[in-house]
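Hi there,

Here is the structure I promised to send over. Have a look at it first, and then read on for what turned up.

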Amino acid sequence: MSERIKKWRVKWTATVTTTDGEAKSFPVEVKPVGAATAAEAVAWVLGVSMAQARRLLRSKIVEAVEINDSQ
């Protein structure tokens, strides 16, 4: 299977809890990520399996957007 490698922008919101118990959320973006599919990009960035990456994409917890050369 020889799929063309594309560039992806992988985005999600990270939530951390401070020492005083307050939850803080902030956006995280990794780009460019070279992969054939969005799921491969997510799996590589987050270090999860392909099945987990597909679930994260389906549930919209993580977003992967292809970067066009014109962007």
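Thr17 stands opposite Ala23 in β2, in a model that is predicted. That pair is a handy way into the β1–β2 hairpin, which has 5 residues between its two strands. In the turn, Gly21 has a positive phi of about 90 degrees. The two strands run antiparallel, and 11 bridges join β1 to β2.

Now to the other partner of β1. Strand β1 covers residues 6–17 and pairs with β3 in the antiparallel sense, over 5 bridges.

Put together, the strands make an open sheet of 3, in the order β2-β1-β3, with antiparallel pairing. The edge strands are β2 (23–35) and β3 (62–66), each pairing on one side only. On average, neighbouring strands in this sheet are turned by 20 degrees against each other, direction ignored.

And what packs on the sheet? Helix α1, residues 38–46, does, touching β1, β2 and β3. The direction of helix α1 makes about 45 degrees with that of β1.

Happy browsing, and do write back with any questions!

Best wishes

Technical notes:
Residues numbered from 1 in each chain as written. Predicted model: local features only at pLDDT ≥ 70, side-chain atom pairs only at ≥ 80, totals over all residues. Heavy atoms only, no water. Pairing = 2+ DSSP bridges. Helix = DSSP H or I, 4+ residues; strand = E, 2+ residues; numbered from the N terminus. Axes fitted to C-alpha atoms, helices over the stretch in contact; angles between N-to-C directions. Contact = heavy atoms within 4.5 Å.
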